[in-house]
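Student: I'm new to this structure and would like a close look at one part of it. Could you pick a contact between two elements and walk me through it, then show me what surrounds it?

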Amino acid sequence: MSCSELTAETLAGLATRGPRYTSYPPATELGPIGADVIERELEALHADGPASLYIHIPFCHSLCWYCGCNVIPTRDLSRGERYLEVLGNEMALLATRLGPRFPISELALGGGSPNFLSATALRNLVLLLEKNFAFAPDARMSIELDPRTTTALQVMTLGRLGFRSMSLGVQDFAQPVQDAIHRHQSIEQTAWLIQEGRAHGFTDINLDIVYGLPRQTEASFTATLDTVVKLAPDRIAMFGYAHLPSKLPHQALVERAGRVLDPYERATLLLYAIERLTSAGYVHIGLDHFARPDSPLARAAATNQLARTFQGYVEHRAETVLGLGVSAISSTRRGFWQNHPDLEPWEREIGAHRLPIHRGRVLDRDDQIRRALIERLMCDGKIDFAGLEHDFGITAPGYFADELAMLSSYPDLATYDRAANAVETTRLGRLLVRNVCMLFDRYQQRARPNQRQFSTTI
């Protein structure tokens, strides 16, 4: 995508606050839900085919001040062993409700830092999973790794277990920025882990970078981007920093090092990064991902097989995501729910032989329709209403009459082609696709603008 027609001023002027749409409805709409509702949903899942498993490992060795994840900083490695024991009990509880040998097409380990677990513990985790579920021979197995603490033994073990995809946090290589966010990581550490991964069979390596952090400049971010290109990952996820100290009090520590970048500065870095990465041969995918043209993610994007999940953009493999561990979220066609975000109640519920569900939501028909629409806008930048009409038995122009009327006020972002019966974002709207999705989000239509619970849309 060329950005020659886009300007930082335009992007900054249109930026607002809104959901990232890794789910619809947004996770902010989750609330109390009965355990019996989830029990019935789990019993019905065999009809939906295989599931993707997400395992949350919350521990990490130190707290990064910018972090928005559910983490427990500690250097007590025994806590990982205890966590794995309880996690095994949660697996057994879930497997009992799903029925024997429930099929799994994908496994993702996230955190925190999953490499907080030793090589032996990682092997035991996979053995527990294989005991409780039936993994497809070609199941995709991915893991998030911290280059500062991952060992050669861990990488070798993961390769032997069948992991082929790893995601490495980088954020920024500039020393002043690393000082500001309390995360110090060298280029050499990152390059070493990539090299080790390749040597042990990893064929899909992702690097996470972040724009909008304190002390970032055009010159420093250019240097980070140039280094990332030289490291030659298969994928790059480039996130805008979500500064939400009212929800995440530790993020206030970031402000000690300097101010968070304003919308214009963020937009400037975003546009430059798109230009730099695409000129290096990466395909710009969705809102904030980049991939080599021959990568599975790029192929999925080319064939409209992308999915939007709590892990961001992924190749579509399953309608159902089952989450295990503290704060993990499960999602099905009919609803989604989240585990307790705190360790103690999560352990207590599992100890009482109950699923550790904290909150959830059953999707009504309107939720399902809007979820399908928003996912395609987020993934493809367009939505063909014919598919919605076939799947849900609606007449889309009538169903979304109010939304299409609002959309007509934003022709620079997206247009409705009546003849094609489709909505498609413009080049500008592709970068501000969250703005477009908010027009079709019934919860945002009744919400106060610029709610502080959400990040900025650039």
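Tutor: Happy to! Let's begin where Glu 39, Leu 42 and Glu 43 of helix H2 meet Leu 94, Arg 97 and Leu 98 of helix H3. Sorted by class, this contact brings together three nonpolar and three charged residues, with no polar ones. Keep in mind that the model is a predicted one. Helix H2 covers residues 35–43 and helix H3 covers residues 78–98; their axes come within 8 Å and cross at roughly 65 degrees.

Now follow the chain on to strand S4, residues 102–111, which is mostly covered, with nine of its 10 residues buried. Strand S4 has partners to look at. One is strand S1 (residues 51–57), which pairs with S4 in the parallel sense over seven bridges. Another is strand S5 (residues 133–145), which runs parallel to S4 and is joined to it by seven bridges.

Finally, step back to the whole protein, which has 18 helices and 19 strands. Its radius of gyration is 21 Å, close to the 23 Å that the globule rule gives for 458 residues, so the protein is as compact as a globular protein of that length. Buried residues account for 57% of the 458. Of the contacts between residues at least 6 apart in sequence, 73% link residues at least 24 apart.

Methods
Residues numbered from 1 in each chain as written. Predicted model: local features only at pLDDT ≥ 70, side-chain atom pairs only at ≥ 80, totals over all residues. Heavy atoms only, no water. Axes fitted to C-alpha atoms, helices over the stretch in contact; angles between N-to-C directions. Helix = DSSP H or I, 4+ residues; strand = E, 2+ residues; numbered from the N terminus. Contact = heavy atoms within 4.5 Å. Nonpolar A, V, L, I, M, F, W, Y, C, P; charged D, E, K, R; others polar. Rg over C-alpha atoms; globule rule 2.2 N^0.38 Å. Buried < 20%, exposed > 50% of the residue type's maximum accessible area, 1.4 Å probe, protein only. Pairing = 2+ DSSP bridges.
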